[in-house]
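Hi everyone, thanks for coming.

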Amino acid sequence: MDKTGTAMVKDVFVMADNVYSPIGKTTAENFINLKNNISGVKRHSQNEMSSQPFFAALFDDDQQIISNGSYTKFECLLVASIDEALKQTDINIRDDKTILVISTTKGNISLLETEKYSEALKKRMSLTTSAQLIADHFRFKQKPIVVSNACISGVLGIITAMRLLRSGTYENAIIAGADVISKFILSGFQSFQALSPGVCRPFDRSHNGLNLGEGAGTIILSTNKKYAGRLKIKGGSLSNDANHISGPSRTGAELALAISRSIADAGVHTEEIGFISAHGTGTVYNDEMEANAVHIAGAGKLPLNSLKGYYGHTLGAAGLIETIISMESLRQDLFIGTPGFEVAPESHRINASADHRSIKADNFLKTASGFGGCNAAAVIGK
C-alpha cells in the first residue's frame with residue numbers, strides 16, 4: 001500500500017532468458033545469426049513426415065539436445081532452455097515463492113505416431129505429465145502451471161506469470177515454452193492449405209502461407225527490487241474474437257482491444273512504444289487481421305516486424321522466442337527486419353521493412369493471435 005492506502009502494483013523484472021532454436025542454443029547466438037540474416041527455415045524432404053517437400057525450421061535429426069533417454073524431444077528442449085536461463089541467475093527455485101509456467105500447444109502429441117494408444121500413453125501425453133517431469137528434474141517445490149491456448153500460449157504464459165507476481169503470490173517465475181514438429185502437426189496445417197511453398201513472407205503482398213518451426217524459449221521474472229534497472233514486463237491483456245474455430249476476426253477490432261488495454265495496463269502512451277513484434281504468420285487472413293488491428297489501435301506508424309521467416313511458426317514457443325529477441329533488440333538498439341518483406345498490400349497500412357535498423361526505444365509491443373479467436377498483447381520495456 002502507498003500512503004493513501006492504495007494497493008501498489010509490483011514491478012516485474014526480467015532476470016534472464018534463453019532461446020534454443022535451430023540457429024542457436026543461447027539468446028546471444030540467436031541474435032548474432034539474426035543480425036547476419038541467417039534463417040533456420042529450409043526445404044525438407046522427409047517422407048516420414050510428408051510425401052511432399054516442405055519448408056520449416058527443424059533441428060537436425062542427429063542433434064542431441066540433452067543426454068536423457070527417458071525424456072521426449074519436447075521435454076529435452078524445455079530442460080535445455082530452462083537450464084541455460086537458470087545459469088544466469090542466483091534464485092532459489094526450491095522455495096515457495098518460485099513458480100514454473102510451461103507453455104505449449106502440442107506437447108507430446110507426436111507419440112500417437114509411434115506408440116499404440118492406451119491409458120498409459122494417454123497419461124504420458126498429458127501436458128501436466130510433461131510439466132511435472134520438468135519440475136521434478138529441477139526440483140521445483142511448487143506444482144507447475146500449464147498454459148496451452150493455441151498460438152498465444154507463449155505470450156499468455158508471460159502475462160500469467162506477470163499477474164501472479166504482481167499479486168504477490170510468487171516472487172519469481174520461470175516461463176518456458178516449446179513445441180516440436182511432427183507428421184500430425186504438419187498434416188493439420190496442410191489440410192488447412194496454410195503452408196507456404198517457399199519461405200514465408202509475412203505482411204508482403206505475395207504472402208501465401210506459413211512455415212512451421214521447432215524451438216524453445218525461457219524467460220525468468222522476479223519482483224525482487226535488486227533487479228531494478230533491468231527490462232520489465234509492464235503490461236498485458238487478452239481478448240477473443242468469438243468468430244471461428246480457425247479463422248481470425250474479419251475486422252481486427254478484438255486484437256486492437258487487447259493492444260490498447262495492454263498499453264494502458266503498462267501505463268505508457270502509444271507514442272512511447274518503439275516497435276511492434278507482430279505475430280505475422282504469413283497467411284493472408286492473419287496478416288490482414290493483424291494489420292487492421294494495429295491500425296485500429298493507432299499504432300500503424302510504429303516499426304513492425306515478424307520473425308517467422310527466421311524461426312518458422314514455433315507454436316507454443318513463438319511468443320516467448322519473439323519476445324526474447326525483441327528484448328535483445330532493446331538492449332542492443334537494433335531492430336530486426338522481416339525477411340521476405342518487400343511491399344505490403346494497400347489495405348495493410350503498417351510500417352514493415354526487411355532491413356535491420358538502429359533504433360532507440362524504451363518499450364516494444366508483442367502481439368499474438370491463434371485458433372479459436374484468441375489474442376494477446378504485452379508491453380515490455382526499460
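Let's begin with a term: two strands pair if DSSP finds at least two bridges between them. Strands themselves are DSSP runs (E, at least two residues), as helices are (H or I, at least four), and both are numbered from the N terminus. Now, this is a predicted model, where local features need pLDDT of at least 70, side-chain atom pairs count only at pLDDT 80 or more, and totals for chains, interfaces and linings use all residues. Residues are numbered from 1 along each chain as its sequence is written, and side-chain values use heavy atoms, leaving out hydrogens and water.

Which strands pair with E8? Strand E6 (residues 172-179) does, antiparallel, over 8 bridges, with Ala 176 partnering Thr 218. Strand E1 (residues 13-20) also runs antiparallel to E8, joined by 7 bridges, and there Ala 16 partners Ile 220.

Is E8 (residues 215-222) mostly covered or uncovered? Mostly covered: 8 of its 8 residues are buried, meaning under 20% relative accessible area with a 1.4 Å probe, protein chains only (exposed is over 50%, partly exposed in between). Ile 219 and Leu 221 are among those pointing one way, while Thr 218 and Ile 220 are among those pointing the other.

That brings us to the core. A nonpolar core is a set of buried Ala, Val, Leu, Ile, Met, Phe, Trp, Tyr and Cys residues joined through side-chain atoms within 4.5 Å. The largest has 47 residues, and Ile 219 and Leu 221 are among those touching the most other members. Helix H6 (residues 153-166) gives the most, 8 residues.
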